[in-house]
Amino acid sequence: MSGNPMLSIENLHAAIDGKPILRGVNLSVRAGEVHAIMGPNGSGKSTLANVVAGRERYEVRAGSVRYEGRDLLSMPPEERAKEGIFLAFQHPVEIPGVTNLSFLKAALNAVRKHRGLQELDVVEFRGMVLERIRLVEMDEELLLRAVNDGFSGGEKKRNEILQLAVLEPKLAILDETDSGLDIDALKVVAKGVNRLRSPERGIIVVTHYQRLLNYIVPDFVHVLSEGQIVRSGGRELALELEERGYGWVHAPDTANGGEARP
Amino acid sequence: MGNAADQVKGWVDQEYRWGFVTTVEADTIPKGLNEDVIRAISARKGEPEFLLERRLKAYRHWLIMIEPKWSTVCYSPIDFQGISYYSAPKSLKDRPGKLDEVDPEVLRTYERLGIPLLEQKRLAGVAVDAVFDSVSVATTYQKELANMGILFCSFSEAVRKYPHLVEKYLGTVVPYNDNFFASLNSAVFTDGSFCYVPPGVRCPVELSTYFRINAENTGQFERTLIIADAGSYVSYLEGCTAPRRDTNQLHAAVVELIALEDAEIRYATVQNWYPGDREGRGGIYNFVTKRGLCAGNRSRISWTQVETGSAITWKYPSVILKGDHSVGQFHGVALTTNFQQADTGTKMTHIGKNTRSTIVNKGIAGGRGQNTYRGLVKVLAGAENSRNFTQCDSLLLGDRCGAHTFPYIEVKNRTAQVEHEASTSKIGEDQLFYCQQRGLSREDAVSMIVNGFCREVIRNLPMEFAVEAQKLLEISLEGSVG
């Protein structure tokens, strides 16, 4: 957990539909680290995740994001994906008529090609997917269904983690992966993510609740409020938040070492 | 959505890849249409008297007909005197007995199109009849098929060799006075394909006709007649291309299918006529009448079409369900981009008892393309317990294109069940971003989403052609969306 940060965000300001959401976010993530971004609804958590992934709807108004030393903001989203940034969507999208398996294969081959690796043939690919699908305890039958089409909420989230496991990104961002999951599904998803923790991989877990962090134990916890990170700490910060609610950290001016308010 | 539209607009520069012209010496009848021209066509083909009589009857009827104006397509008036109604590569004038006597330029054309005709290179599992302008230039696998009693040849050859079959069936499904373009075709048709499958025979290969318009200012008026005798089965595929030209060319074909008792005909089209350029100049006017007759009990006819070409497409492959328990199906994909217009769909006419029909149509519009589905489900009084299910989905790729749906339903029997489902959706920014976030380019994402949208139809095509159709959609999309 040393060396240059993999991802470094400085003074990031972003807006959606003309409305400012992020108002000066600073964050560094090194390979091997797991960061949790917490915060109340509307604080800008998902905006941050989407801006890093390159969603065009979000307008970056100031600041910089560097990824492995490169200017991330100038890269189109597919380039970011191929360079190893993965976003597990809060609301995974349905693509009728395209099987999950063929979608995964197209994605994997796009990424492999970019990395200068040979495309996997059908047999190799199936073998790999069948191995990885065990990580998320997902029904194999879902591979032959259309992407997320008619999937339950839990199935969609598992499917995101399956894609994560197959694509092996360098930086994974999980956007509210816990939302809508029951406790059993949550444990399965967390187990899958934990298996994917590695010294080469950075992980950002965006969540509203500390519950997920019982299972994916973060190295750092950041609290986002009104578009700024108002407090950073270790795992204990999440526990404290759970106890005291977001109320005591919401004002940015108390962020830097200020005494917590009840 | 604005972004997707802008992005996709960038691909518009894609060229039509089949737009080359072949230089061959041609025997062309001068432009214009009158009884002498019709007699000349008939004489060039050495036709029996009955056929000439039919041509003249159709022509005289056509003269009093009015060009239809009810569809949504718009085009400037066609000058029917400005078209040459017959053009044939000269070397074919004396009908080559062997393939190596065919003009090598023509053979090369088909090679470039990916349709090898020479013996040693024939497509495995597919018998091909290649039609170049007004004549059929080659038919593969003919001998092998003949051993099973299957007659598969050009229409002209059928007229010479099997005149009784032609006389018996021609015009029984699409009569000479059916509609403006069908009447024109009945008067001036030049060649096409003919197929007869004898009772109980299951045709082991895909039969295929490949149409190519080469000569300038030429219309192509082909006539296809397929007869599946009792208990037989045949699967047939039609493909088409044309060179790029600034002027519009007319293609007015008639296809008739006849399925007798317990017979099944599957007819698939991958239509890729030149669609015109980005400004809407040139391109083929594809005004086609296709109809199948389920004449016998328990007979089945299925149409599958993937339409990506033509400046204007106007066609409604239909099934007349006359036999009891007969089944009609239509699966269609129509893609219109740039300035293309399509008014297409199907007609299912239920006459027999317990007849069933299924219609699945997928319309995709991009650029300034206008895509219309027009369908008629007609249940006559005697069609007890007949059923229809129709599903029409439209996908819009941009914000300057249009999708229209006109389903007509006429039911005269109380026991009939007719269902209609329709949807219109726009390709979503969310879907595109999701694909991009997994590493796919926007182009690949669009093509994947469109292919998914059409999957139900594409998987109805024979395997080899499903792949071809997917590629064709991909290529057509490259030059399209926005």
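Colleague: How many helices and strands does chain B have?
Modeller: Keep in mind this is a predicted model, where local features need pLDDT of at least 70, side-chain atom pairs count only at pLDDT 80 or more, and totals for chains, interfaces and linings use all residues. Residues are numbered from 1 along each chain as written, chains are lettered from A in the order written, and side-chain values use heavy atoms, without hydrogens or water. Helices (H or I, at least four residues) and strands (E, at least two) are DSSP runs numbered from the N terminus. On that basis, chain B has 12 helices and 23 strands.

Colleague: Is B:Thr289 buried or exposed?
Modeller: B:Thr289 sits in strand 13 of chain B, residues 283-294. Buried means under 20% relative accessible area and exposed over 50%, with partly exposed in between (1.4 Å probe, protein chains only). Because its relative accessibility is 6%, B:Thr289 counts as buried.

Colleague: Which side chain does B:Thr289 join in a polar contact?
Modeller: A polar contact is a pair of N or O atoms within 3.5 Å; within protein, one must be able to donate a hydrogen and the other to accept it, and residues adjacent in sequence count only if both atoms are side-chain atoms. At 3.1 Å, the partner of B:Thr289 is B:Asn179.

Colleague: Which residue of chain A meets B:Arg442 in a salt bridge?
Modeller: A salt bridge is a side-chain nitrogen of Lys or Arg within 4 Å of a carboxyl oxygen of Asp or Glu. The rule finds 3 across the interface of chain A and chain B. For B:Arg442, with 3.8 Å from N to O, the partner is A:Glu56.
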